[in-house]
Amino acid sequence: MADGGLPAHLDGFVRAVREAGIPVGISAAVDAAQVLTAVDLLDREQLRHGLAAVLLQRAAQRQTYDVLFDLWWPLSDRPEDDADTEPAPDDGSTDAQRQAALAAQLREELLRRLLDGDEEALRRFARLAVDQLGQGQPSPSGQSFFSYRVLRALSPDTLVSQLLDGLLGGADRGGLAEQVARQTVRERLAAFRAAVEAEVRRRSAAERGRDRVARTAVKPLADQVDFLRAQSADLAELRRSVAPLARRLAARLSAKRRMGREGRLDFRRTVRASLATGGVPVVTHHKPRTVHKPELVVLCDISGSVAGFSHFTLMLTQALREHFSGVRAFAFVDSTDEVTRFFAPGADVADAVQRIGREAEVVTFDGHSDYGNAFGVFAEKWATAVGPKTSLLVLGDGRTNYRQPGLPVLADLVRRSRSAYWLNPEPARLWGTGDSAADRYARVIPMVEVRNAAQLAEFVTTL
Amino acid sequence: MTHAQQAARFADVADVSARLAAAGYLPDAQIATTVFLADRLGKPLLVEGPAGTGKTELAKALATATSSDLIRLQCYEGLDEARALYEWNYKKQLLRIQASQGTDGADWGDLHDDVFGEEFLLSRPLLTAIRREDPTVLLVDETDKADVEVEGLLLEVLSDFQVTIPEIGTIVATRRPMVVLTSNATRELSEALKRRCLYLALDYPSAEREREIVLSRVPELAPALAEQLVRTVRALRAMELKKSPSISETLDWAQTLLALGLDTLGDDEVRATLGVVLKHASDQTRAAAELRLN
Ligand SMILES: Nc1ncnc2c1ncn2[C@@H]1O[C@H](COP(=O)(O)OP(=O)(O)OP(=O)(O)O)[C@@H](O)[C@H]1O
Ligand SMILES: [Mg+2]
């Protein structure tokens, strides 16, 4: 432990948590110190869960937190190995031969442990495997460890077939049993891989300093991932945040006038009822609350420059469709087409995106964004889509390729709608630079910077 | 801190686990540790997670484990102070005023004190929990369903454990209830409220713990079948479904298999009972395809 003892060490940990994008307030930091006095410090898991309870506010932060916790409160060096693997005796064989024999032996043990499915034992084994197989070339600065070396030597992926046979216990392949077994195999292999990576991080931290390891090991939280840079794995993560967002957005857009529990006083009924109680209005009657049935029109740029963003917004559109039938979706590149039909409830977003690419008429010219034409086509072909009950949501970066932005058409759409917003996945400081007409659009429609899911969530709450 | 200190309810984390288990709830290390700290630090516990992961049940088990009564505030859209904290019994007040109008020498001052007395106060869960002298667990269930204004109210009540009723005065808790708030995270609760609470993110349990839960709740089920069942549920959870099966559905499924006298979970059995676990037709279709049901 560093100088300054436990409190200083905790400070360092809290700072690292903050640096990873998890906001920790002062009161939480104070609580953290209290946690240290309340839990059994010799029980590492108590410490982990205890600090998490005061430092975290969202489930999505947990993965990042665990990586940091493992770096700041590492397991001791000596793996508590119960492994029955003895290092191969020195019998005069070459290094390479010994390595190969060791790998073969460990691979067999890995198979056994994966079949067995005891997670704790698997983790212990991962530590041993890193120790035995993960070393890189020793260098003057010390010894490095690499997970790829372990995974290459053990190639766990090639165990799948044996694992399936083992789990199925002689039953036939195919059908339900195999699919269920496959899922189990996937989970256990992932757990093993994660354990190897954690152990490599632990050893690298000892070598290179945990701050450096922390910086490279911590991925941005899913809702902080920039839409414009999102990878497909990020999208899968994002997908999880979409459903609750859509639910909230739907609730906001259908915002009823809040008048307490019941609607306005129904004067006549109240007076009539009061006759029964000597003219005293003991029971009040209220008119039912009027619920506004929302109509939402989503107008979405799906050109290449905003691919990650449009994928996300189409996921959002799909999720919104599950909430109200009154959602119509339009997509555009240099022309506009209605794409509502691809988002039938239950449809798959990935399918929908592909079908839109194939079947929708969003490109009639050269496949480069033409906002002016796209807005024009929309206003002309679907002249009645936007009316006084419609909320209009435009999604795009406003990069026009220096073509006509179609400002008057958009301004007119905004005027005709109940409410209108433009969500832009580009940072606000870039609006108006180069071929971006975002600054000009922002004069006719409220434009909001929505670079990631967190910002989208924020936008939804301000609606 | 000046609040009424509350003697610790649990000796240590192991004590939490053991007593929750005795109350029929099987906690993991995270749940047990966080509950222990909520008690030690005297903070409300905010439990967040998908539907059916045991949030409400945790509060109930806590009440049982600490021999407390459970006071429940169920949140919904439109919940207001009058339903959450207290309200005056307006009808009764009116009738009392009416009744006293004929009597001679009725003094408005007396009458006012009278109709704003204890007798006319309708205590709602938050006030009830604060006033109780006996051990209490206050469950604020599905907090995210309530409007944001309710959070302000909770914040006030949960920071001081006192309520000021203008006509009566300030009521201070003599014995602090243990507070559990649950949320499905359909919306983000306010930072201020979260800061007041210890945070517990509940997710679907590990395979091992879920099997234990099944066997403890449906003890007649053969262990091998429970294992098969849990693994099948996990395969369903890995799919992109509208509604992933929760622990409740796993338990329902276990009951169903038992009731039908099935002792294995093969293609036919799954096909016949999939509706117990998956409520959307489109989810059933998708699952049947992905599981390659023969
Ligand atoms: N750890 C556990 N031990 C025993 N039973 C459990 C456990 N967790 C959940 N259950 C069982 O799972 C079911 C669902 O739990 P519960 O109703 O508490 O879910 P919930 O998280 O409150 O869901 P919702 O968000 O829908 O209100 C209950 O029948 C409960 O008994
Ligand atoms: Mg519940």
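Biologist: What does the domain assignment give for chain B?
Modeller: This is a predicted model. For chain B, the assignment gives domain 1 (13–83 + 124–201), domain 2 (86–123) and domain 3 (207–290).

Biologist: What separates the centres of domain 1 and domain 2 of chain B?
Modeller: The separation is 34 Å, taken over C-alpha atoms. Domain 1 of chain B puts 13 residues into the contact, and domain 2 of chain B puts in 8 residues.

Biologist: And the area buried between domain 1 and domain 2 of chain B, what is that?
Modeller: About 1,000 Å². Carbon and sulfur atoms give 51% of that area.

Biologist: How many salt bridges between domain 1 and domain 2 of chain B?
Modeller: The count is 3 salt bridges.

Biologist: Take B:Glu87. Which residue does it form a salt bridge with?
Modeller: B:Arg124. The closest N and O atoms of B:Glu87 and B:Arg124 are 2.5 Å apart.

Biologist: How many residue pairs are in polar contact between domain 1 and domain 2 of chain B?
Modeller: There are 5 residue pairs, both residues at pLDDT 80 or more.

Biologist: Which elements give two or more residues to the domain 1 side there?
Modeller: On the side of domain 1 of chain B that touches domain 2 of chain B, they are helix 4 (81–84), helix 7 (125–131) and strand 6 (162–165) of chain B. The residues of that side divide into 6 nonpolar, 2 polar and 5 charged.

Biologist: New topic, ligand 1. How many residues surround it?
Modeller: 18 residues surround ligand 1. The closest are B:Gly52, B:Lys55, B:Thr56, B:Glu57 and B:Arg217.

Biologist: How does the side chain of B:Thr56 sit against an oxygen atom of ligand 1?
Modeller: An N or O atom in the B:Thr56 side chain is 2.6 Å from an oxygen atom of ligand 1. For the side chain of B:Asn184, the distance to a ligand 1 oxygen is 2.9 Å. For the side chain of B:Glu142, it is 3.2 Å.

Biologist: On to chain B and chain A. How many residues does the contact take from each?
Modeller: The contact takes 51 residues from chain B and 40 residues from chain A. Chain B and chain A bury about 3,900 Å² between them. Carbon and sulfur atoms hold 57% of it.

Biologist: Which residues in chain B lose the most area to chain A?
Modeller: B:Leu41, B:Tyr199 and B:Arg231. Together these residues make up 15% of what the chain B side buries.

Biologist: What about salt bridges across the interface of chain B and chain A, how many?
Modeller: The rule finds 2 salt bridges. A:Glu187 forms a salt bridge with B:Arg234, with the closest N and O atoms 2.9 Å apart. The count of residue pairs in polar contact between chain B and chain A is 8, both residues at pLDDT 80 or more.

Biologist: Which helix gives the most to the chain B side?
Modeller: Helix 2 of chain B, with 8 residues. Among the other elements that give two or more residues are helix 11 (223–237) and strand 9 (198–201) of chain B. The residues of the chain B side that touches chain A divide into 20 nonpolar, 10 polar and 21 charged.

Biologist: Last one. How many salt bridges does the structure hold over all chains?
Modeller: 44 salt bridges. One of them joins A:Arg203 and A:Asp131, at 3.0 Å from N to O. That pair links distant parts of the chain, with A:Arg203 in helix 9 and A:Asp131 in helix 6 of chain A, 72 residues apart.

Notes. Residues numbered from 1 in each chain as written. Chains lettered and ligands numbered in written order. Predicted model: local features only at pLDDT ≥ 70, side-chain atom pairs only at ≥ 80, totals over all residues. Heavy atoms only, no water. Domains from an automatic or database assignment. Contact = heavy atoms within 4.5 Å. Buried area = accessible area lost by both parts, 1.4 Å probe. Salt bridge = Lys/Arg side-chain N within 4 Å of Asp/Glu carboxyl O. Polar contact = N/O pair within 3.5 Å; in protein donor to acceptor, adjacent residues only side chain to side chain. Helix = DSSP H or I, 4+ residues; strand = E, 2+ residues; numbered from the N terminus. Nonpolar A, V, L, I, M, F, W, Y, C, P; charged D, E, K, R; others polar. Near = heavy atom within 4 Å.
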